[in-house]
Amino acid sequence: MREMLFANDAALVSHTNDGLQRRIDQFAHACKEFALTISIKETQFMAQDAPSPPTIAINDSRLQTFDMKHEMSP
């Protein structure tokens, strides 16, 4: 990740669950290095075309999955 448009908005992309977890770990480490905090309760991820939602965590705290179908229903 080279730049962030907003302090509270980031998008990390990966093709595998392990790859996404590595990116999340790197992001959390970078935030710690710059004395930034990540709000676990407000952090969600979205899996696209995954047979089941992956388990992604930051510092042993599991992140919630964003369900786009649920958000778009009337």
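Ala35 sits in the loop between H1 and E1. In this predicted model, its phi is near 60°, a positive value in a residue other than glycine. That's worth a second look, since most residues other than glycine have a negative phi. The spot is just after H1. Is Ala35 buried or exposed? Its relative accessibility is 70%, and because the cut-off for exposed is over 50%, Ala35 counts as exposed.

Ser39 is found in the loop between H1 and E1 too. With a relative accessible area of 33%, Ser39 is partly exposed.

## Helix H1

H1 covers residues 17-33, which makes 17 residues. From first C-alpha to last, the helix reaches 24 Å, close to the 24 Å expected at 1.5 Å a residue.

Which residues of H1 are buried? They are Gly19, Leu20, Gln21, Ile24, Phe27, Ala28 and Cys31. As for what they pack against, the partners are strand E1 (44-45) and strand E2 (57-58).

## The chain as a whole

Zooming out, the protein chain has two helices and four strands. Read from the N terminus, the order is α-β-β-β-β-α.

Of the 74 residues in the chain, 18% are buried. For contacts with a separation of 6 or more, 25% come from residues 24 or more positions apart.

In soluble globular proteins, nonpolar side chains tend to be buried together. Here, the largest nonpolar core has seven residues: Leu20, Ile24, Ala28, Phe45, Ile56, Ile58 and Leu63. H1 provides the largest share of this core, with three residues.

Leu63 is a handy core member to click on. Leaving aside residues up to four places away in sequence, Leu63 touches Ile40, Thr43, Phe45, Ile56, Ala57 and Ile58. Phe45, Ile56 and Ile58 from that list are also in the largest nonpolar core.

## The largest pocket

The largest pocket comes out at a volume of about 1000 Å³. Its lining counts 33 residues, and the closest to the pocket centre are Ala10, Ala11, Leu12, Gln44 and Phe45. Phe45 also belongs to the largest nonpolar core.

Which element gives the largest share of the lining? That's H1, with five residues. H1 and E1 each supply at least two lining residues. Sorted by class, the lining has 20 nonpolar, ten polar and three charged residues.

## The loop between E1 and E2

Ala47 lies in the loop between E1 and E2 and is partly exposed, with a relative accessible area of 34%. Ala47 and Thr65 are 18 residues apart in sequence, and their C-alpha atoms are 7.6 Å apart in space.

Pro53 lies in the loop between E1 and E2 as well. How much of Pro53 is accessible? The relative accessible area is 51%, so Pro53 is exposed, given that exposed means over 50%. For Pro53 and Asp67, the gap is 14 residues in sequence and 9.8 Å in space, C-alpha to C-alpha.

## The loop between E2 and E3

Asn59 lies in the loop between E2 and E3. At 69% relative accessibility, Asn59 counts as exposed. Asn59 and Ile24 are 35 residues apart in sequence and 9.9 Å apart in space, C-alpha to C-alpha. Ile24 is one of the buried residues of H1.

Asp60 lies in the loop between E2 and strand E3 (61-62). Asp60 counts as exposed, at 83% relative accessibility.

Key:
Residues numbered from 1 in each chain as written. Predicted model: local features only at pLDDT ≥ 70, side-chain atom pairs only at ≥ 80, totals over all residues. Heavy atoms only, no water. Expected span 1.5 Å × (residues − 1). Buried < 20%, exposed > 50% of the residue type's maximum accessible area, 1.4 Å probe, protein only. Contact = heavy atoms within 4.5 Å. 1 Å grid on protein atoms, 1.4 Å probe; cavity = no way out; pocket = protein on both sides within 12 Å on 5 of 7 lines; lining within 4 Å. Points joined across faces, edges and corners; volume = space filled by probe spheres on them. Nonpolar A, V, L, I, M, F, W, Y, C, P; charged D, E, K, R; others polar. Core = buried A, V, L, I, M, F, W, Y, C linked by side-chain atoms within 4.5 Å.
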